[in-house]
Amino acid sequence: MKENELIPHLFRTEYRKIVSVLCKLFGIEHIEIAEDITSDTFLLASETWGQKGLPPNPTAWLYTVAKNKAKDFLKHNTIFSQKIVAEIKHTNSGSHEIEIDLSTQHIYDVQLQMMFAICHPSISTEAQIGLALNILCGFGAEEIADAFLSNKETIYKRLNRAKEKLRIEKIKLELPSQSEIDKRLDTVLNTMYLLFSEGYYSISQNITLRRDLCLEAMRLTFMLTENDFTNKPQVNALLSLMCFHSSRFEARINSQGEIVLYEDQDTNLWSKELIDKGEYYLNKSSQGNRLSRYHLEAAIAYWHTHKDDTKEKWENILQLYNRLLQLEYSPIAALNRTYALSKANNKEDAIIEAEKLELDDNHLYHSLLAELYRDINNEKSLQHLQTALILAKTQADKQIILKKIEKLKLSL
Amino acid sequence: MKEFVLVFRRAVDLNEPQPSPEQLQASMKLWQDWMGSLAAQNKLVNVGNRLSSDGRVVNPGKVITNGPFVEIKEAIGGYTIVSAKSIDEAAELAKGCPILMVNGTVEVRTIVSMDDNS
């Protein structure tokens, strides 16, 4: 890796570790101090490494500098010392030298604890995602603003409010108890999935950033599978789902940065490695007696790794959507279920079902009806595409619909 | 939106042959497609349950009898809870129920909430 790529890379992987370790030491209510010390460390790294060249072990260099900066801070900040150091010394069983534990095991443990702290149910979902991007993935306010098509100031404010919430709610850096784990994991998994989806479906034009988002969400979910306490079937199901989706990353965006629809994708660009990994985690998820939405969505994604339009494929997908909707309603699942119905049963039944959905203000609803009416009533199909075009909000969506209109007009 | 119970009834014929695995699967698909349809309309409140045909009736005087099919020709086979604007809309939803294909009936009843004194 080149030097100018190394620091951003280390920032992604090491920032959360150092911040988490320091938060564990200071208490999460002092997260800003932990962040300042960590940012200073990286600033010093880019200055020093630029002048003197890379140290033999850059990560160890970062840890040593962060450790020294933390000790300096405690030495020179008397107010902080009086309040906090007494407590730290107390927990350090009377020793006068402050220990800053940067062992692999401790780093791993505090990162997991940080995930649970950030994804605490008392923090709003929006704030959880912001904090997860900022603290767990090392994204700066500017990058987050880019991903959400928002501005830096808004994101700053959002992050600060979220950190304030961590203080007010007196959230601790610790793993939840055995009895709470499933409920707390639900919130963590939900945030990880949203993080992943943000990367996968984002309207941001920055493809590298989007891919990084997906990778970070997968990295964090993978961490949950490495700990016996959090390695639950639903975690493996979510990881499987992420693997299946990201296997199509190369195929779903063309060289112009436009979305390539599933039917038009070149399967040679699908990642066999990620599909295999998806199957591996899907098998691991089939334990216990709780069927989560991630199990169903992973199984649906599994069937989508088979490009051939078989009756068996669509019947399975239809039944999985039937189950998913019984578990939790969402307009997207309702639309996808109706599409699967048209493939597994027939278009006529699917049209009757589609008209019951009452999703008239959703552009995807009209795109679905256009698809169902194609070859049955092309005039009607065109009308729905034109309605979809009016309702679509993003340029990418409008482009897809315009292409369909052009294609349909040729057969009229 | 109000909530309604759909009660599925059909005549229990004890001499009826056991359905084949294929018949069971076909019937399962009909039920799942219907449930999926209700859920896709966001009108499924609770999938409910199927009920076994075996039953007991506890009578006044605490006398227990087998049943209830001795007295009622049509036994309750299960129930589902849906939401709808009116009982007529709920009845419309019930039209898709697969029990109708095997000569069963669906009884549609409004759920009275605890604080409804009307």
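**View 1. A nonpolar patch on the surface of chain B.** In this predicted model, Leu30(B), Met101(B) and Val102(B) form a nonpolar surface patch with about 280 Å² of accessible area together. A salt bridge puts a side-chain nitrogen of Lys or Arg within 4 Å of a carboxyl oxygen of Asp or Glu. Areas follow the Shrake-Rupley method with a 1.4 Å probe; for residues, only the protein chains shown count as cover.

**View 2. Val102(B) in its loop.** Val102(B) sits between helix H2 (87–94) and strand E6 (105–110) of chain B. Helices (H or I, at least four residues) and strands (E, at least two) are DSSP runs, numbered from the N terminus. Val102(B) counts as partly exposed because its relative accessibility is 43%; buried means under 20%, exposed over 50%, partly exposed in between (1.4 Å probe, protein chains only).

**View 3. Chain B as a whole.** Chain B has two helices and six strands. Their order along the sequence is β-α-β-β-β-β-α-β. The C-alpha trace spans about 45 × 40 × 20 Å along its principal axes. Of the 118 residues of chain B, 31% count as buried.

**Notes.** Residues are numbered from 1 along each chain as its sequence is written, and chains are lettered from A and ligands numbered from 1 in the order written. Local features need pLDDT of at least 70, side-chain atom pairs count only at pLDDT 80 or more, and totals for chains, interfaces and linings use all residues; side-chain values use heavy atoms, without hydrogens and water.

Technical notes
Patch = residues over 30% accessible without salt bridge, like charges linked within 9 Å, V, L, I, M, F, W, Y side chains within 5 Å.
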